[in-house]
Structures are given as C-alpha cells and as structure tokens.
Amino acid sequence: MSTITASFLVEASFRRVLYIVAFALFIYGLSGLTGPKTAVRGNRIAAVGMAIAVIATLLVDPLSNIGLIIIGVAIGTAVGIPAARQVKMTQMPQMVALFNGVGGGAVALIAWVEFRTSDGFAERPTYVAIFSVFAAIVGSVSFWGSNIAFSKLQELISGKPMTIGRLQTPLNALLGAVAVACGVAIVAGANHEWLMLLLLVTAAVLGNLLVLPIGGADMPVVISLLNAFTGLSAAAAGVALNNTALIVAGMIVGASGTLLTQQMAIAMNRSITSVVAGGFGGTVEAVAGASAAGGTVRSTSAADVAIQMAYARQVVVVPGYGMAVSQAQHAVREMAKLLESKGVEVKYAIHPVAGRMPGHMNVLLAEADVPYDQLKEMDDINGEFSRTDVSLVIGANDVTNPDARNKADSPIYGMPILNVDESASVIVLKRSMNSGYAGIDNPLFVNPKTAMLFGDAKGSVGEITEELKAL
Amino acid sequence: MLVTNLSILVLAGFVGYAVISKVPNTLHTPLMSGTNAIHGIVVLGGIILLADGAATGFLSKLLLVIAVAFGTINVVGGFLVTDRMLEMFKSKPKELVEADAEDGK
C-alpha cells in the first residue's frame with residue numbers, strides 16, 4: 001500500500017464518510033425490520049453498518065492501546081456470543097434488558113473516563129461537560145435499572161412490586177436532585193473526582209429504586225423506556241465526543257424506544273408517568289384465589305376439552321406467559337394442526353402485552369411454525385369472539401380479565417383486553433388458582449361458561465392432543 | 001461543531017421516529033432487540049478514548065476496557081439474539097401451507 005493511500009485512510013474526513021455509510025446502513029436496516037420477510041436481512045445490514053463504524057474508528061494514526069482494545073472486544077465477544085446463542089426464546093425479555101444495561105454502563109464509564117482525562121472537563125468546551133454529565137446520569141440509571149429488570153424477570157428477586165411507601169417519590173426526587181447538583185458543579189468547573197463518583201452512585205441508587213416498585217404487566221414498558229434512555233445517553237456521549245455515528249445511532253434508538261414505550265403504554269391504557277410511579281398491582285393487596293371474587297371454579301378434563309374443540313367451528317387460542325414458561329408453543333401447534341385436519345378453524349389472539357414484551361407471543365409461535373396469518377392482533381380478533389365456539393386460554397390471565405371492562409375500581413380498569421368471555425365457552429389452562437402476574441383476581445375463572453384445566457400448559461396441551469388423536 | 005451536531009441529533013430523532021412508526025406490533029420484540037444492538041455503538045466511545053492515548057493511569061484504562069467489553073456484549077449479543085428471533089419469522093409460508101394440506105388428507 002502506498003503512503004498516499006495509507007495516509008488517506010487515516011484522514012478524519014474519510015472516517016466521517018465511513019460513519020455516514022454506517023448510519024445509512026443502520027437506517028436502511030431498521031426500515032427492513034418493518035416486515036417479516038425483510039427483517040432478517042435488515043438486521044444483518046445494520047450489523048454490517050456496525051462493523052464499518054468500528055473499523056472506521058480504528059483508522060487513526062497513531063493508534064494507541066490497540067492491545068487493550070483487542071482485549072476489551074475479545075472479552076465482550078466471549079461473553080456476548082454464548083449468551084445470545086444459549087438463551088431460550090422465553091428468556092428473551094430479560095436478555096434484552098441485560099444487553100441494554102451493559103450499553104448504559106459503557107456510556108457511564110466513558111463519561112467518567114472523559115472527566116478523568118480532561119481535568120474535570122477543564123480542557124473542553126462547556127457543552128462537552130453538559131452532555132457528558134447527562135450521559136453519565138442517564139447511563140448509570142439505565143445500567144442499574146436494567147439489572148433490576150433482568151433480576152426480576154429471571155426471578156433472581158421477586159417480580160412483585162417493592163416500594164418503601166410514601167417516601168419513595170421524595171427519595172427519588174432527592175437522589176435525582178443530588179445527581180443533577182453534582183453535574184452542575186462539574187459543569188461549573190469543580191474538578192473533584194468525588195463529585196463524579198457521587199453523581200454515578202446516586203444515579204445508580206435512583207436506577208434501582210425506579211425499577212424495584214414496578215411489577216407485573218408494566219415490565220415490558222420499563223424495558224422499552226430504559227432502551228430509549230440508553231439510546232439518548234449514547235447520543236449525548238456522541239455530541240461530547242464529536243462523533244456522528246454515535247449521535248445518529250443513539251438518537252434513532254432514543255426516538256424508537258420512546259415511540260415503542262408510548263405504544264405499549266397506550267395498549268395498557270396507562271400513562272408513562274403512572275408506570276414509572278410504580279405499584280401496578282401493588283396498590284391493591286393481591287387476594288390469593290378467585291374464590292374471593294365469589295362463585296365457584298369448574299374444573300374439566302383433557303378428554304372433555306378435546307371433544308368440545310373437535311366439534312367446534314372456530315377455536316381461538318389465547319396464549320400468555322404460561323405458554324412461554326412451559327415451552328408449550330410446539331405442542332400448541334401440533335394440537336392446532338390436528339384440529340385443522342378435523343375442519344376446525346384455529347386462530348390465535350395476541351394481546352399487545354401478552355407475555356413480558358410486545359410481540360413475545362408472536363416470536364414463540366413463529367418458532368413453532370405457526371403461519372403468520374393465523375396470528376390476530378387484539379383489534380382484529382375482538383369482534384370475532386362472539387362467533388367463536390371455544391376460546392382456549394393458555395397461561396394468560398390479566399389480558400383476559402373482564403374487570404378491566406366492568407369494574408371501575410380495579411387497578412387494570414380501562415386496559416383493553418381480549419373479550420374471551422363473549423365466546424360460547426372458555427377453557428383456561430392454568431397451573432393453579434394463583435392470581436396473575438399483576439396479582440389481581442380474574443372473575444373470568446368463575447364465569448359459568450368457563451372450565452379450568454389445571455396443570456402445566458405443555459402437559460395439558462399434550463394430553464388434549466392425545467385425546468384428539470383418539471377421537 | 002456543536003450546532004452541526006445538534007442539527008444531526010434532531011434530524012436523527014425524526015428519522016428514527018419515521019422509520020420505526022411503520023413496524024407492525026408483531027415485530028416489536030425483535031425491533032426492541034435490534035435497536036438495542038444499535039445503541040451498542042457506544043463501544044466506539046471506549047475505542048476512541050483508548051485509541052487517542054489520552055487515558056493514562058491504570059484505573060482509566062481499566063474502566064475503558066470494561067466499557068469496550070460492555071459495548072461489545074451489547075453489539076454482538078444484540079445482533080445475534082435479534083437474528084435468532086427473526087429466523088423464526090422467516091419460515092416459508094408455502095411449504096407450511098403444503099404441509100397443512102397433507103395433514104388434512
């Protein structure tokens with residue numbers, strides 16, 4: 001390679017051009033994610049963009065610390081690849097939370113080192129200090145908040161809301177104020193490392209306290225919000241480092257995360273503020289067992305369910321987290337195939353927040369090769385329940401709770417639900433009579449039209465399938 | 001420089017909003033995972049600070065190596081997980097329909 005070409009490669013303007021290529025690929029790749037056919041390609045295009053951005057960053061002369069860079073990338077790869085390869089589809093939500101967290105952690109660490117290497121930003125313009133401080137606070141909140149979200153979903157700690165009562169909001173406000181005050185002092189020129197450490201620690205405690213009180217169906221909204229946070233903090237770090245690739249990529253994620261968070265909150269008829277204020281299912285003491293709702297529970301057998309469904313015209317399957325937990329999606333697909341061979345029309349009703357993340361059920365059912373066009377979104381299927389003979393609820397609870405429609409003092413009142421109680425009969429597969437993730441009674445279970453089939457979802461579906469074969 | 005970067009910031013926000021508002025509900029989980037991978041671009045920040053040699057001292061370098069490792073986990077893990085999820089959507093509808101037809105016989 002001639003010297004002219006070599007020096008051209010390390011020109012700042014050439015690097016910038018590569019960054020433009022990289023973020024163009026990000027945008028093009030993301031637009032591919034709009035359809036199931038182009039999505040795989042879209043994701044890979046975005047990955048190519050990322051590779052180009054990393055290579056561009058290494059094209060500097062002189063390139064210091066290459067050994068350390070390689071070590072960092074090697075450790076990250078050694079951890080990231082097995083984690084992504086081995087994670088089960090059901091554990092996807094917590095994996096996203098974890099990957100999101102480390103991203104936020106990286107932002108916070110970078111801001112800290114910038115502070116250390118620039119004499120507390122004394123050598124930098126004021127705006128660099130402002131954006132770095134913002135990145136440090138938001139990155140730290142995102143890292144610790146995501147870790148709590150991960151721990152809750154992985155059931156390392158209880159998934160139930162944990163609050164310290166009335167002191168919660170004032171304490172959060174105080175922590176936020178301390179972090180911001182440290183930031184302001186740093187921006188004003190105070191060069192004390194303890195200020196940066198205090199900022200990071202208060203933001204960390206705030207991140208923990210923000211997510212601990214959140215439980216139940218609000219979890220997906222929180223992960224999405226933290227995703228947006230990390231994106232915004234990355235964009236802020238990009239402004240501080242004068243790096244367009246970081247700015248564009250971070251901001252796209254910030255915008256998309258915000259949009260997704262809004263959409264999820266709307267689907268649950270909750271405002272983002274009330275989600276963050278926490279206590280969903282925590283404000284009302286969870287009453288164990290549906291007996292508290294009055295009425296009796298009718299339990300049934302796999303054989304009865306099989307007969308009922310075999311002679312139905314239309315069966316709607318309503319999957320929830322229970323299906324994910326017991327990995328029942330393949331069994332469900334097999335059962336559905338048998339039903340279809342008997343001339344029964346089978347559809348799947350997907351509530352936007354069924355499971356722990358939007359689209360969670362779609363991913364699982366797609367894994368089991370359920371045809372894409374049988375998956376119906378809430379608005380499309382709700383009109384059909386009145387024409388449905390059997391609704392088969394597999395491990396879903398809160399998203400079918402008629403209290404959301406009828407009972408004004410219910411914590412989930414106003415949340416759009418799947419109107420399974422309008423169908424001629426309802427069969428609920430459930431492990432026990434314990435209340436759902438949100439800890440609220442479900443009167444659907446004591447509805448005279450409802451029959452319960454207790455047991456592990458995969459086992460129950462398997463039994464039904466055997467009975468169907470025997471018919 | 002600041003003004004240029006701020007305009008890029010604002011425009012990128014609108015681009016992100018416009019591109020992503022078209023994504024169907026079904027693909028929200030892969031989308032979240034995919035965008036999650038993209039903000040792993042913070043790995044660049046760690047690489048830049050290491051590569052320019054400004055960070056001296058053990059602690060600064062250690063923090064940056066951790067930052068690069070974190071960023072890499074975010075990028076590599078994020079894209080791989082998204083890819084695994086999306087592969088499941090890629091099943092060829094034609095074959096499935098044929099398979100169903102055979103089952104129906």
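**Helix packing**

Author: In chain A, the axes of helix H12 (residues 302–310) and helix H18 (residues 457–470) come within 8 Å and cross at roughly 60 degrees. This is a predicted model, where local features need pLDDT of at least 70, side-chain atom pairs count only at pLDDT 80 or more, and totals for chains, interfaces and linings use all residues. Residues are numbered from 1 along each chain as its sequence is written, and chains are lettered from A and ligands numbered from 1 in the order in which they are written.

Reader: Which residues make the contact of H12(A) and H18(A)?

Author: Ala302(A), Ala303(A), Val305(A), Ala306(A) and Ala310(A) from H12(A), with Ser460(A), Glu463(A), Ile464(A), Glu467(A) and Leu468(A) from H18(A). Contact means C-beta atoms, placed from the backbone, within 7 Å.

Reader: How do those divide into nonpolar, polar and charged?

Author: The contact of H12(A) with H18(A) has 7 nonpolar, 1 polar and 2 charged residues.

Reader: Switching to the chains. How many residues does each one put into the contact?

Author: Chain A gives 98 residues and chain B gives 80. On the chain A side, helix H5 (residues 92–117) gives the most, with 17 residues.

Reader: And Ile27(A), buried or exposed?

Author: Ile27(A) counts as buried because it has 21 C-beta neighbours inside 10 Å; the cut-off for buried is 20 or more other C-beta atoms within 10 Å.

Reader: Where does Ile27(A) lie, and what does it touch?

Author: Ile27(A) lies in helix H2 (residues 12–32) of chain A. Not counting residues up to four places away in sequence, Ile27(A) touches Ile252(A), Val15(B) and Val19(B).

Note on methods:
Axes are lines fitted to C-alpha atoms, for helices over the stretch in contact, and angles run from 0 to 180 degrees between N-to-C directions. Helices (H or I, at least four residues) and strands (E, at least two) are DSSP runs, numbered from the N terminus. Two residues are in contact if their C-beta atoms, placed from the backbone, lie within 7 Å. Ala, Val, Leu, Ile, Met, Phe, Trp, Tyr, Cys and Pro count as nonpolar, Asp, Glu, Lys and Arg as charged, and the others, Gly among them, as polar. A residue is buried if 20 or more other C-beta atoms lie within 10 Å of its own, exposed if 12 or fewer, and partly exposed in between; C-beta atoms are placed from the backbone.
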